[in-house]
Amino acid sequence: MRLLLTFFIVSVLGPSLYGQVDTAAQRPFVRGGYYDKPFMTRLGRTAIGGYIEAVWKFERVQGLTEEISFEARRFNIFTHSVIADRIRVASELEFEHGTEEIKLEFAFIDFELHPSMSFRGGILLSPLGKFNLAHDSPLNQLTERPVVSTQIIPTALSEAGLGFYGSLFPSIESRITYEAYFVNGFHDGVLTLNNRTSIPDGRAAFEEDNNTHPSFVGRVAYSPWVETELGLSIHTGPYNRYEVEGMEIDTRRDISITAVDWEYRYGDIEFLGEYARAWIDVPTSLRGLFAENQQGMYAQAAYHFARGFFSGMARSKLTAVLRYEAVDFDGDIEGDAVQQLTVGLNFRPVEDTVFKFGYHYHWAWSRVNVIEKSAGLRFSVASYF
């Protein structure tokens, strides 16, 4: 009876009644996510922050130098405002390559209904895999984002929608988080904009849904203790326009993406990764030419060492990183796939600023299974401000 009473208090009534004993309640909802960013400046009830990233690239393909260049990759500004005790507004504005691309990455209103449930509406970062929720450059250990998290997910996936999120606490150490939203979903650019199945080209505009039928996206994550988390997410719904004023003009075609993400930390060692699989309804006339299923994964290990080794920098550290990734762009043929191995070494004078150096070796197979090999170096600097 006492066990049932304890479960009811911590999972339903939440941490506000259970007090400081519940260590799970003190963790950020998503490590590196919306409410786990360093806001450096406050103007009234609004906190302002952001991050900057600059990159140097050297690339060789089949033994020939293809690219040596500098890139002013990103300058992002985010805000967080507490309107009232239960109401918050958050946003992030992204400038890529100077002002070549300006994008409102997210802008939403949160209204807390209960310690275990809040309403969220606006432009959302879809909870499809954890990397889409926590992909800031100063946070990540390598310069380039994983291929599966840009070509299958694809990060950064922002969508207009609304829904609910919250946390439950089965025990003092463990936690379950959830997010569930209805969003506009993808459009038929998945097939029409790149002469192949390309999920990133189907990201929908914010103003309207092309088929007036919302898609669903959601994620559930279980953390048995602070150092470990396992997440499961799904995004599903139609991507083509199949009705006009109630009249059917085409067969409804859906796209569904599922993802599993994991994270484990033990002292100075951390392991994380993600697997995603996509199913795309392709018109009969295009089957065999356009992929109907795609999948990919990455697994990454990092080791932090030499903490405070450098004179005058007590918070500094070095990090060694290793990442393996593989993506299959068409599960029904032998080719159309990539694999990549990346090793890196980072220096952080403080936690919010990082200098990254990495080397990657890349294998790419064409649709006729011809392999092309490439290698490259990356040096980048990124910092929150």
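Where does Pro154 lie? In this predicted model, Pro154 is placed in the loop between helix H3 (148–151) and strand S7 (158–168), helices (H or I, at least four residues) and strands (E, at least two) being DSSP runs numbered from the N terminus. Residues are numbered from 1 along each chain as its sequence is written, and side-chain values use heavy atoms, with hydrogens and water left out. Local features of the predicted model need pLDDT of at least 70 and side-chain atom pairs count only at pLDDT 80 or more, whereas totals for chains, interfaces and linings use all residues.

The protein chain contains four helices and 19 strands. Its radius of gyration is 22 Å, close to the 21 Å given by the globule rule for 385 residues, so the protein chain is as compact as a globular protein of that length; the radius is taken over C-alpha atoms, and the rule is 2.2 Å times the number of residues to the power 0.38. Along the principal axes, the C-alpha atoms fill a box of roughly 65 × 60 × 45 Å. Of the 385 residues, 48% count as buried (under 20% relative accessible area, with exposed over 50% and partly exposed in between; 1.4 Å probe, protein chains only). Among contacts (heavy atoms within 4.5 Å) with a separation of 6 or more, 58% are between residues 24 or more positions apart.

The accessible surface of the protein chain comes to about 18500 Å², and carbon and sulfur atoms contribute 62% of this area; accessible areas come from the Shrake-Rupley method with a 1.4 Å probe, and for residues only the protein chains shown count as cover. The protein chain carries 35 positive and 49 negative side chains, and the centres of the two sets lie 6 Å apart. In this count, Lys and Arg are positive and Asp and Glu negative, while His and the chain ends are not counted; each charge is placed at NZ of Lys, CZ of Arg, CG of Asp or CD of Glu.

Within strand S7 itself is Gly163, which is buried with a relative accessible area of 4%. Leaving aside neighbours within four places in sequence, Gly163 is in contact with Ser118, Phe119, Arg120, Ala180 and Tyr181. The C-alpha atoms of Gly163 and Phe216 are separated by 9.6 Å, although the two residues are 53 apart along the chain.

Positive phi values occur at non-glycine residues in two other loops. His97, with phi of about 50°, is found in the loop between strand S4 (87–96) and strand S5 (101–114) and counts as partly exposed at 33% relative accessibility. Ala306, with phi of about 55°, is located in the loop between strand S15 (293–305) and strand S16 (317–328); at 24% relative accessibility, Ala306 is partly exposed.

Arg348 belongs to strand S17 (residues 337–350) and is buried, with a relative accessible area of 2%. A polar atom of the Arg348 side chain lies 2.9 Å from the backbone oxygen of Pro138, and the backbone oxygen of Glu351 is also 2.9 Å from a polar atom of that side chain. Excluding residues up to four places away in sequence, Arg348 touches Pro138, Leu139, Asn140, Gln141, Arg315, Ser316, Lys317, Thr353 and Val354. Arg348 and Val381, 33 residues apart in sequence, are 9.9 Å apart from C-alpha to C-alpha.

Side-chain polar contacts (pairs of N or O atoms within 3.5 Å; within protein, one able to donate a hydrogen and the other to accept it, with residues adjacent in sequence counted only if both atoms are side-chain atoms) are formed by Ser198 and Thr228. Ser198 occupies the loop between helix H4 (189–192) and strand S9 (215–225) and is buried at 9% relative accessible area. The Ser198 side chain makes a polar contact of 2.9 Å with that of Asp201, and beyond its neighbours within four places in sequence Ser198 is in contact with Gly189 and Val190. Thr228, in strand S10 (residues 228–238), is buried at 17% relative accessibility, and a polar contact of 2.7 Å joins its side chain to that of Trp225.
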